[in-house]
Amino acid sequence: MAPDTNELQAINTSWQIAIQEILRMIIRDMYHAGGEVAFNTNIKRIEEAAVDSIYTDLRLRGTDEWTEVLVKERASNFVTTLLTSFTYDRA
């Protein structure tokens, strides 16, 4: 029996929050020492590289073109939303 819509939404939201917090800690630690300009530059570079990788390297076996395009678009939007949520911590 397939999980209901609310359970799927809860799972998706949980994954998104978990990944966001892991990445926030990693990115903060990696780029904090270089200053705010370096931090922002690196975030933009990571975003552009991730979106490019999604569109050029992601292959979804057994799906039609429409599904693949939709998944790539959503994945790219998630990357942008996630990375633009990071701010430089001056503390």
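Lys72 and Glu68 are both buried, where buried means under 20% relative accessible area, exposed over 50%, and partly exposed in between (1.4 Å probe, protein chains only). The model is predicted, so local features need pLDDT of at least 70 and side-chain atom pairs count only at pLDDT 80 or more, while totals for chains, interfaces and linings use all residues. Residues are numbered from 1 along each chain as its sequence is written, and side-chain values use heavy atoms, with hydrogens and water left out.

The side chains of Lys72 and Glu68 form a salt bridge, with an N to O distance of 3.1 Å. A salt bridge is a side-chain nitrogen of Lys or Arg within 4 Å of a carboxyl oxygen of Asp or Glu. Both residues belong to helix 3 (residues 65-84). They are four residues apart, about one turn of the helix. Helices (H or I, at least four residues) and strands (E, at least two) are DSSP runs, numbered from the N terminus. An α-helix has 3.6 residues a turn, so residues three or four places apart point the same way. Glu68 counts as buried because its relative accessibility is 18%. Beyond residues up to four places away in sequence, Glu68 touches Leu58, Arg59, Leu60 and Thr63. Contact here means heavy atoms within 4.5 Å.

The count of salt bridges comes to two. Lys44 pairs with Glu47 in a salt bridge, and their closest N and O atoms are 3.6 Å apart. Both lie in helix 2 (residues 35-57), three residues apart. Lys44 is partly exposed, at a relative accessible area of 42%. Glu47 is buried, at 9%. Side chains of opposite charge can pair when their charged atoms come close.

Helix 2 has 23 residues. From its first C-alpha to its last it reaches 32 Å, close to the 33 Å expected at 1.5 Å a residue. The expected span is 1.5 Å times one less than the number of residues. The buried residues of helix 2 include Phe39, Ile43, Glu47 and Ile54. Its buried residues pack against helix 1 and helix 3. Asp52 is also found in helix 2. At 47% relative accessibility, Asp52 counts as partly exposed. Asp52 and Ser76 are 24 residues apart in sequence, yet their C-alpha atoms are 8.6 Å apart in space.

Helix 1 has 27 residues and should span 39 Å at 1.5 Å a residue. Its end C-alpha atoms are 38 Å apart, which agrees. In helix 1, Gln20, Ile27 and Tyr31 are buried. The buried residues of helix 1 pack against helix 2 and helix 3.

The largest pocket has a volume of about 240 Å³. On a 1 Å grid over the protein atoms alone, a pocket is an open set of points with protein on both sides within 12 Å along at least five of seven lines, and lining residues have an atom within 4 Å of a point. Grid points are joined across faces, edges and corners, and the volume is the space filled by probe spheres set on the points. Among the lining residues are Gln9, Trp15, Gln20, Phe78 and Ser85. Helix 1 (5-31) and helix 3 each give two or more residues to this lining. The largest share, seven residues, comes from helix 1. By class, the lining has five nonpolar, seven polar and no charged residues. Ala, Val, Leu, Ile, Met, Phe, Trp, Tyr, Cys and Pro count as nonpolar, Asp, Glu, Lys and Arg as charged, and the others, Gly among them, as polar.

Note on methods. On a 1 Å grid over the protein atoms alone, a cavity is a set of points where a 1.4 Å probe fits but cannot get out, and a pocket is an open set with protein on both sides within 12 Å along at least five of seven lines; lining residues have an atom within 4 Å of a point.
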